[in-house]
Amino acid sequence: MSAAENQMETQAHHEKVNYINVRTTLLSWLVTLDHKRIGILYLLTVSFFFLIGGLAASLVRMELVSPKGDLLESDTYNKMFTTHGVMMIFFFLIPSIPAVFGNFLLPLMIGARDVAFPRLNLLSWYMVAGGGLLALAALIMGGVDTGWTFYTPYSSSFAKTQVALTVVGIFIAGFGSIFTGINFLVTIHKMRAPGMTWFRLPLFVWAMYATSLIMVLGTPVVAITLLLVAVERLLGLGIFDPARGGDPILFQHLFWFYSHPAVYIMILPSMGVVSEVISAFSKRRIFAYHFVAFSSLAIAIIGFLVWGHHMFSTGQSMYLGVVFSFITFLVAVPSAIKVFNWLTTLYKGRIELTAPMMYGLGFIGLFTIGGVTGLHLAAMATNVHLTDTYFVVAHFHYVMVGGAIMGYMAALHFWWPKMTGRMYPESWAKLSAMIIFIGFNVTFMPQFILGYMGMPRRYHSYNEEWQVLNVLSTAGSSVMGLGYILPLGYLLWSLKYGKIAPQNPWNARGLEWEIVDAIPHPHNFETIPIVTQEAYDYEHWHPNKPAQQPVIVGGGKS
Amino acid sequence: MWNFPLVPPTAAEEALHISWLYWVITGMAIFFVVAVCAAALVLVVRYRASNENVNRDNPPESDMRLEMTWTLMPLVLALVIFFWAAKLYADIYTPRDDALEIIAIGKQWMWHVQHSNGVRENNELHIPVGRPIKVTVISQDVIHAFSLPAFRVKRDAVPGRYNSMVFTPTKTGKFHLLCTEYCGTKHSEMIGSVYVMEPDDYQKWLESGGKGTDSSSAPMSLEDQGKQIFTQLGCNTCHGAAGAAVRCPPLEGIYEKPIELANGQKVIADAEYMRESILNPAAKIVKGYDNLMPAYQGVASEDQIIKIIAYIKSLKDAKPAEASK
């Protein structure tokens, strides 16, 4: 409990006890209940899965340089795009921002000492990491070739690969995700510091709240659905295979009931990050706070009612399709509201183009492209032509990579000083942001054109007239790959050689910058702060002259 | 190398309509993206921290009129696109009586196409220009999708379900036929070609029994083949046998007509219903009859079922009395 009891191996410049130096054994990390340490564990875990998913993607892109399937066997190719999808979606994107930054920041932002259920929090990490290792074991034991969507009856009756092991891995990680959602919801409801009213919450917290709702309500459905696939495979029960009396379309309904909202699990946290970053580097209160906050909830709720737009060509009832299409168009509105409000936040701001800000602005541009190409897919007639082509691949990569991962990179750089106590090298970070942005566009813009021409996704070989654009796409992906390797290098470098970070390097608002130490204390706050002002009060902010303390400290017991 | 297309051929009426929709949405999309990026660029340059010669007084906090503008404007545009797209969707997925009927069966990993006069072809589809074509697709194993990018249409081939789509080719020539639903090892080899021909050429092609078939042996029509299978599988020993009407419902005159089931429910005796009643007769028993028929699951192939249904369809106007002599 008390820091004095701990052996302190502090370096000269880290005299204060912080969450990193308080204990240094490996065991102290593996049994930690500190939300910040658990956030770091997640950071290492999801980075590892990102690496595996990225390697699989690069093999896929290399195969597609030539129209003949001549680099990999077709079965190997199928396993590679499945590995890419499973790793990136279930073990990187879904846990990424919520589990890493949500864990690290949520208690700091609301003025709490930890999340509501620290032990459950640690269990969540073990489930996500364990689930990921099971999926990885399935990969080593021969791989899985169904695509990340596990469509039946292929996955349940025909595939001869490690489907069961993989879906059990996803099932376990899914429950980790549910526990995280419950934990965050309870934390936000019950553990806010005195005076931290709902409308004084940072927008990142609102985004986490909306995300947690989806995790808690949606994840059980996909977890059970995937378990049913395993049951059909192992026990031969007829659930989804029509030859056994099942219904393959039922699987798609159940799968997309979660997996469409899951897209919002990936994008909403990024939107929260972007709200923080844009505000901090414009030195401006976010424009129309209430609209930005409630649009997160609107997206989470409406997002639950659009899953049928994945199924316009399956033969679902036309009336059903019309309803799904209509609601899908509605979900475009809150997304547009967010983009316009971010832009207006820049107006009359004092804009610093730091690396996190570049990622944030990159997010706005790329997410807008991902959003407007969603219109082509929400529209039923164009959807029929474009579904299951590279157009869809390009669209969801603009949302998930251009959106979610740009937000993740923004968060990683923005809060890196708080997490590690070190500054990252700014010019390297800007360079890699530029490289990722350019490489990303070169990779995925050609895929829109390929998709409109009809090139189907998950093709191992393809028609020759599509080669030029595919080569361009692969070239772009190599550039993008370089852009992701650079941060791995300079961020690790900064741990030892980076400048020591001050408490609030960005002059940003928020408890985590203004109250919490440069590297947070194991218990976050010496005394629980009493919050007297709303978030983002930059009104009296001037360069070179820090604002008066916006938060009164004291009152709570240590 | 430098001669590569950026758009697919537009070879059907529906393709033209859907292309228009596509480009209108794309135009709107480009407008929004350019507007957002330009606004961001201008604001970032103008309000950069190092620029002190700019008015930063009274930055707005919120503005209801602005919020309403950018809430309602995208909403109205979205609704226009929604109705337009839903209309075109209904056009391609609503069956038409005047269409030429073609059936495609997907299986790992080939397309098996059946013309109504009995001509069959694999991974190829020959059709006449200028008249509506209705393609009905089904799968006999996993889900596939029958995709014709030049016509901007596709339909999932789902096991256990007949799905159809309609399009009207406007150009002759050779176009891509693709499988667009991942179906296993050779998914990307489950491809072929569509040949759109002048009506006369198509007629000749049909009468010659299709390419690769000996022209002297014109194939038996689908319904005649169905009649043969009907006997091979022993269906005729009950359905159509003398006095059988007591044990089983007559098949004459029921195609696409409403019938009443034992549980009081009314259904249309369409292809989907017949397929189910062949494979799993117990699922829907006709009122007044017992559950006697054996299940043909695993006995009758999708191909045979399609032909039997064609045969039953040919009895559409026949009288039960005639058949059971």
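These are my notes on two contact surfaces and one residue in a predicted model.

**Chain A against chain B**

I looked up the contacts between the two chains first. I found 72 residues of chain A in contact with 70 residues of chain B. I then listed the elements of chain A that give two or more residues to the side touching chain B: helices H3 (74-110), H5 (154-158), H8 (248-282), H10 (318-346), H11 (355-378), H12 (380-386) and H14 (426-453). H10(A) provides the largest share of that side, with 13 residues. I also sorted this side of chain A by class, which gave 43 nonpolar, 20 polar and 9 charged residues.

**Domains of chain B**

I turned to the domain assignment of chain B. Domain 1 takes in 1-32 + 70-215, and domain 2 covers 222-323. I noted 31 Å between the C-alpha centres of domain 1 and domain 2 of chain B. Across the boundary, 10 residues of domain 1 of chain B are in contact with 8 residues of domain 2 of chain B. On the domain 1 side, strand E1 (100-107) and strand E2 (110-115) of chain B each supply at least two residues. By class I counted 4 nonpolar, 5 polar and 1 charged residues on that side of domain 1 of chain B.

**A:Leu488**

I placed A:Leu488 in helix H15 of chain A, residues 467-497. Last, I checked A:Leu488 against A:Ser47: the two are 441 residues apart in sequence, and their C-alpha atoms are 9.4 Å apart in space.

Definitions and conventions: Residues numbered from 1 in each chain as written. Chains lettered and ligands numbered in written order. Predicted model: local features only at pLDDT ≥ 70, side-chain atom pairs only at ≥ 80, totals over all residues. Contact = placed C-beta atoms within 7 Å. Helix = DSSP H or I, 4+ residues; strand = E, 2+ residues; numbered from the N terminus. Nonpolar A, V, L, I, M, F, W, Y, C, P; charged D, E, K, R; others polar. Domains from an automatic or database assignment.
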